[in-house]
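Welcome! Let's take a short tour of a protein chain together, stopping at a few places worth a look.

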Amino acid sequence: MIEVVGRIMWTLFFVLFDFSLSQQVIFYELPQNQTTSEGGHVQFKCNASLSSYRWFLEIPKYGFQVPIRGNRSDINGLASAYYLIELNAATLVLEGVSRSHHGSFVKCAVEDDMFNPIEQDPPYAYLHIVFPPAYTLVNKHQTTSSIEGDTFSYSFVLEFGNSQPTITWTKDGKVLTARDGLDLNATSISIIKVTRLDDGEYTVMASNLAGSHSANFTLEVYCKCEHISGNW
């Protein structure tokens, strides 16, 4: 009797041991960090020894993980989110991404025979969305004026985008550079002791990998009238 029980125990041990081995998942390929422009699409690939895949998208704006199903569906502003499975490999496709998805994390997991998710390691791939800068006028009037000899300044509001922009200033189509009495930066211009030569149209352009945006204004310089006294 003891011998029979022992054989049963050993049999159960080997069955459980074989079962545990069968549930060991090997990830042959993990999703990699992706970069794309706003409105573009990206693909994440996952390849594992088990083919029952789960995909999750964690969007910082919403603060929780969104499970993605196999069919095309709108996921928090994405034009389309779906995945395809071929043999033991799965590809997650995100289309129509926007700046609100910048900084999102994508996670691939597979399910064992007991439907328990087994996650990749490292657990996440990063989604980087590049979008262009954008200027907004502070002053609604694009034509402004100053009197020669005065100090003049004009400013904008700039949304930098998420890639450091290059700033270019021009006056009447010619590139401007900072000098004594002329201060230029990404959001403002300042002129000390305005002269009649400063009269003209000014344009500032911000450019990054995703595109560019410009803003402009016209400066009209008036001469300072001097009173001349004398006998008439």
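This is a predicted model: local features need pLDDT of at least 70, side-chain atom pairs count only at pLDDT 80 or more; totals for chains, interfaces and linings use all residues.

**Positive phi angles in loops**
- Asp 172 sits in the loop between strand 15 (166-171) and strand 16 (174-175).
- Although Asp 172 is a residue other than glycine, its phi is positive, near 50°.
- Lys 193 is not a glycine either, and its phi is also positive, at about 60°.
- You can find Lys 193 in the loop between strand 18 (188-191) and strand 19 (200-208).
- With a relative accessibility of 60%, Lys 193 counts as exposed, because exposed means over 50%.

**The disulfide**
- A disulfide is a covalent bond between the sulfur atoms of two cysteines.
- This structure holds one disulfide, and the partners are Cys 46 and Cys 108, with an S to S distance of 2.1 Å.
- The pair links distant parts of the chain: Cys 46 belongs to strand 3 (residues 41-48) and Cys 108 to strand 9, 62 residues apart.
- The link of Cys 46 and Cys 108 is left-handed, with -80° about the S-S bond.
- Both Cys 46 and Cys 108 are buried, whereas Cys 223 counts as partly exposed at 41% relative accessibility.

**A buried serine**
- Ser 104 lies in strand 9 (residues 104-111).
- The relative accessible area of Ser 104 is 0%, so this residue is buried.
- A polar atom of the Ser 104 side chain lies 2.6 Å from the backbone oxygen of His 101.

Methods: Residues are numbered from 1 along each chain as its sequence is written. Side-chain values use heavy atoms; hydrogens and water are left out. Helices (H or I, at least four residues) and strands (E, at least two) are DSSP runs, numbered from the N terminus. Buried means under 20% relative accessible area, exposed over 50%, partly exposed in between (1.4 Å probe, protein chains only). A polar contact is a pair of N or O atoms within 3.5 Å; within protein, one must be able to donate a hydrogen and the other to accept it, and residues adjacent in sequence count only if both atoms are side-chain atoms. A disulfide is a pair of cysteine sulfur atoms within 2.5 Å.
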